[in-house]
Amino acid sequence: MFYGAGTLILLLATSDAQSAAEDVALAGQNLMLAACDAGLGSCPIGLSRAYLNLPEVKAELGIPTGYAVFTPLIVGHPAQIPEPTSRKETQILFWR
Ligand SMILES: Cc1cc2nc3c(=O)[nH]c(=O)nc-3n(C[C@H](O)[C@H](O)[C@H](O)COP(=O)(O)O)c2cc1C
């Protein structure tokens, strides 16, 4: 699931924090941009979140009570730099 990456960074927030998901997403993107600037690759691994938030896994990782894993992020030396993928056309749903 983690593609053998050298580093796994878990971005945590207290479960009751206001705007936690948005705050963590913004921090994660800054981290990914900084990793890219340093010549490293990164990828959020959302599939691992449910597992990482299991009480026994949180305890093993030493995640403090009251905190939840919002964004697991792998960072490592990229095996290759893929070409950019295509983008869906922007949809503007409301304009005035
Ligand atoms: C919130 C989020 C969760 C993601 N979780 C995973 C994941 O669990 N496993 C994975 O291989 N890629 C994961 N990705 C990466 C995406 O599959 C995709 O590779 C990435 O968003 C780049 O897309 P692009 O190639 O269209 O630019 C995740 C991306 C985001 C934004």
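**Core packing and ligand surroundings**

Apart from residues up to four places away in sequence, Gly 28 touches Leu 11 and Leu 73. In this predicted model, Gly 28 is located in helix 1. Because its relative accessible area is 4%, under the 20% limit, Gly 28 counts as buried. The C-alpha atoms of Gly 28 and Leu 8 are 12 Å apart in space, with a separation of 20 residues in sequence.

Both contacts of Gly 28, Leu 11 and Leu 73, belong to the largest nonpolar core of the model. This core has 7 residues in all: Leu 11, Ala 13, Ala 20, Val 24, Ala 68, Phe 70 and Leu 73. At least two residues of the core are supplied by each of strand 1 (7-14), helix 1 (20-37) and strand 3 (67-76). The most is given by strand 3, with 3 residues.

Phe 70, a member of the core, is in contact with Leu 11, Ala 13, Ala 20, Ala 21, Val 24 and Arg 49 when neighbours within four places in sequence are left aside. Among these contacts, Leu 11, Ala 13, Ala 20 and Val 24 are also listed in the core.

Thr 71 is likewise part of strand 3. With a relative accessible area of 17%, Thr 71 is buried, because the limit for that class is under 20%. Not counting residues up to four places away in sequence, Thr 71 touches Ile 9, Leu 10, Leu 11, Val 24 and Pro 44. Two of these contacts, Leu 11 and Val 24, are core residues, whereas Pro 44 is among the residues around the ligand.

At Pro 44, a backbone N or O atom lies 3.1 Å from a nitrogen atom of the ligand. The ligand taken alone exposes 620 Å², of which the protein buries 42%.

Conventions
Residues are numbered from 1 along each chain as its sequence is written. This is a predicted model: local features need pLDDT of at least 70, side-chain atom pairs count only at pLDDT 80 or more; totals for chains, interfaces and linings use all residues. Side-chain values use heavy atoms; hydrogens and water are left out. A nonpolar core is a set of buried Ala, Val, Leu, Ile, Met, Phe, Trp, Tyr and Cys residues joined through side-chain atoms within 4.5 Å. Buried means under 20% relative accessible area, exposed over 50%, partly exposed in between (1.4 Å probe, protein chains only). Helices (H or I, at least four residues) and strands (E, at least two) are DSSP runs, numbered from the N terminus. Contact means heavy atoms within 4.5 Å. A residue is near a molecule or strand if one of its heavy atoms lies within 4 Å of it. A polar contact is a pair of N or O atoms within 3.5 Å; within protein, one must be able to donate a hydrogen and the other to accept it, and residues adjacent in sequence count only if both atoms are side-chain atoms. Accessible areas come from the Shrake-Rupley method with a 1.4 Å probe; for residues, only the protein chains shown count as cover.
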